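Thanks for coming. Please have the sequence and the model open while I talk.

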Amino acid sequence: MKKFIRRLIISVGFLLLIPFHAWAIENINMEIQRDNAFLIVKARIIPSQEFIEDFKNGLSKNIFILIELYRSWSIIPDEFISGVQMQRVLISDPIKDEFIVKTLQGETLTEKRFKNWQEALDWALKIEPVKIVNINNVERGKYYIKITVESNIKRLPSMLEHILFFIPTYEKKITKESENFRLP
């Protein structure tokens, strides 16, 4: 019995230590616009071919998006001004032949259902215009926008997450910064 338990523990430990073979996003395209009083950001996440194939074949995906405005300083570290966080959950249901995209931004949850995987991915990976900050309320200076996109893998149970701290909790994390620009 002790040999069985020992082998079981070794087997489970080995399975948890196998590196995750996961595919995620490749790049981010961003566009910054100035409205009368607001700084507006549009973006498009470009997925890898493997990410698309995984989604088409029924694997669900979880994407965290963080859009931040920083003030650029020459000597001291850059200053965080404002940010917007959103989460996109892409669910593929092969039984119903349906694709579901859930978006959580602030306290607003939006759910859309699609029959075509391409339409679901297009809608999920496109960030509609987001108002970052009122331009009239910021000081004169050099600023930049930073977009961070993180594609999460299935999370480990909390007890194992603390023990196996060296296993990453995300597939891929991409950060893209815009060129510096002056406000106001």
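I start with one term: a contact is a pair of heavy atoms within 4.5 Å. With that, of the contacts in the chain between residues at least 6 apart in sequence, 62% join residues at least 24 apart.

Now the ground rules. This is a predicted model, in which local features need pLDDT of at least 70 and side-chain atom pairs count only at pLDDT 80 or more, while totals for chains, interfaces and linings use all residues. Residues are numbered from 1 along each chain as its sequence is written, and side-chain values use heavy atoms, with hydrogens and water left out.

The chain has four helices and ten strands. Helices are DSSP runs of H or I with at least four residues, strands are runs of E with at least two, and both are numbered from the N terminus. In sequence order the pattern is α-β-β-α-β-β-β-β-α-β-β-α-β-β.

On exposure, buried means under 20% relative accessible area, exposed means over 50%, and partly exposed is in between, with a 1.4 Å probe and protein chains only. There are 184 residues in the chain, and 35% of them count as buried.

Next, helix α2. Which residues of α2 are buried? In this helix, residues 49-56, they are Phe51, Ile52, Asp54 and Phe55. They sit on the same side of α2, because they cover an arc of only 160 degrees around the axis, the arc being that of the directions from the helix axis to the C-beta atoms. These buried residues pack against β2 (38-47), β3 (61-71), β4, β5, α3 (117-124) and β8 (141-152). Just after α2, Gly58 has a positive phi of about 110 degrees.

Two of those strands, β3 and β5, supply my next residues. Leu66 lies in β3 and is partly exposed, at 28% relative accessible area. Beyond its neighbours within four places in sequence, Leu66 is in contact with Val84, Gln85, Lys146, Ile147 and Thr148. Thr148, in strand β8, is buried at 10%. Setting aside residues up to four places away, Thr148 touches Phe64, Ile65, Leu66, Lys173, Ile174 and Thr175.

Val101 is in β5. Is Val101 buried or exposed? Buried, at 0% relative accessibility. Not counting residues up to four places away, the contacts of Val101 include Thr110 and Trp123.

Thr110 and Trp123 also line the second largest pocket. A pocket is found on a 1 Å grid over the protein atoms alone, as an open set of points where a 1.4 Å probe fits, with protein on both sides within 12 Å along at least five of seven lines; lining residues have an atom within 4 Å of a point. The second largest pocket holds about 180 Å³. At least two lining residues come from each of β4 (79-93), β5 (98-105), β6 (108-114) and β7 (126-134), and β7 gives the most, with five. The lining has five nonpolar, four polar and three charged residues.

Technical notes
Points joined across faces, edges and corners; volume = space filled by probe spheres on them. Nonpolar A, V, L, I, M, F, W, Y, C, P; charged D, E, K, R; others polar.
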